[in-house]
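Open the model in your viewer and keep the selection tool ready. The tour goes stop by stop.

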Amino acid sequence: MDSGDTAWVLMATALVMVMTPGLGFFYGGMVRQKNAVSIIMQCFLMLMLISVQWVLWGYTLAFGSSFGGVIGGLEWLGLQGVGLNPNPTYAATIPHAAFIMFQAMFAVITPALIVGAFAERVKINTFIIFILLWSTFVYDPVAHWVWGSNGWLRQLGVLDFAGGTVVHVNAGAAALASAFVLRRRIGFGSVAMEPHNIPFVALGTALLWFGWFGFNAGSALTAGLSATNAFMVTNTAAAAAGLTWMLMSWYFRGRPSVLGSMAGVVAGLVAITPAAGFVNHLSAIVIGVGAGFFCYVAVAFRVRRQLDDSLDVWGVHGIGGTWGAIATGIFAEKALGGVDGLLFGRVEQLGIQLIGVAAAWVYSFTVSLLIFKALDIGLGFCVKPEEEDVGLDISQHGEKAYASF
Amino acid sequence: MKKVEAIIRAERLDEVKNTLAAEGFLGLTVYEVKGRGRQKGIALQWRGVKEYRVDLLPKIKLEVVVEDKDVERVVNILREKAYTGKVGDGKIFILPVDEVIRIRTGETGKDAI
């Protein structure tokens, strides 16, 4: 047990925790005023629901002893017998409970990311059921594949430092599935749906960027060289991606977009996530620029195709996460994370990364599609048109964001 | 010339506005207002513990000035596009207008509309 490592991981856990409400502000600013409360609520709901789900059965499904590398066993159901002592398989120098809580925050934020895809139109009761099903049948298995002690992608040698595949590809694929299954917002494409508060988006981006230091540098699970490198490349990639998106908006639309810069920053943070422990700061600039570029193009494509992935979860997290996972196979270097990528002469790492990404895409997309479809037919996923017109704040919660008089 | 004032649901504005434009009524002024009709308002909640009623509801007030002959068309558009059939669809008021002057050119009357 190391007190420095423990202190850092507990701090990092708190940093990742604040990302989920931060995401609420990030998304909340982008929706119309009548839905601001509902989307912040959907993010908070993750903290409330998944924090409990994780302790009861999520952790053991993701990190318990493996059934064929596909899913964890049930020996840690309700965290029985886990105790506080370190678990050498996952993190030898910190209490097992610290590792569990750190991982809990990842399980919380991943479904929260999907919320942006079907913003402004979902029923709160179906939504709660969806989240429990998705976390249990999509997040927990995929986390097991990549991070579980005998997960099949881990055995294969897939590198995912802080969750490019587990978190971002996973959420992005589910977002795409929702855009295919659920109806679009009323008036989508014909009515201007303005973000109601860009300063909120900026506040949310700030909290995400801040929290991401815990997300990536904390994933080292020790306080040392690896954490510091992750910290440095995280900041560098976020900045490079924000700049890239800003310049692209300037070039294509004539003026530098504020909302676009924020999206770019998040795209960069997403892309550096799988690579943070394996690449250097100069590679981070390339990864950031790539993230800004690819995600900008993806969002433009999504808009042209009239898909109502309302807040671009697929374009930013799906594409950014995919680019990051591939880039890890290109730029990884042995001196930093113990594994060389394409650039340092190991072509096969790139192939392994591609398998990891493809597996997550196919599994998450397919199972998410089934869950969305089943719930939409069985319970109805979206609200009635008149409820959507009035807004989810009043129709689902009986509360509103801004009162006056 | 007449001024048509309408109090409508905020969520019907886009459709009303687009239809007016399609029918050739481009100029209009829109306000965000609060008001009360015969509708009793809506119930909101305080921390899920207590209920309270809000009786002044947010509405949109829309103003269009048109020639006398066009009043009926505008009213029909409003009645059709702002309609949901539920309490709270709003009202239309029609007022006489003495004169209209375009500031830039000094045009008056129907040329200035």
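Predicted model: local features only at pLDDT ≥ 70, side-chain atom pairs only at ≥ 80, totals over all residues.

Select Gln306(A) to begin: with 10 C-beta neighbours inside 10 Å, Gln306(A) counts as exposed. Residues are numbered from 1 along each chain as its sequence is written, while chains are lettered from A and ligands numbered from 1 in the order in which they are written.

Stay on Gln306(A). Its phi is near 65 degrees, a positive value in a residue other than glycine. Gln306(A) sits in the loop between helix H10 (281-304) and helix H11 (313-331) of chain A. Helices (H or I, at least four residues) and strands (E, at least two) are DSSP runs, numbered from the N terminus.

Next, select Leu79(A). Here too phi is positive, about 55 degrees, and the residue is not a glycine. Look for Leu79(A) in the loop between strand E2 (71-72) and helix H3 (96-114) of chain A. Leu79(A) counts as partly exposed, with 16 C-beta neighbours inside 10 Å.

Last stop: chain A against chain B. Nine residues of chain A are in contact (C-beta atoms, placed from the backbone, within 7 Å) with eight residues of chain B.

Key
Contact = placed C-beta atoms within 7 Å. Buried ≥ 20, exposed ≤ 12 C-beta atoms within 10 Å, placed from the backbone.
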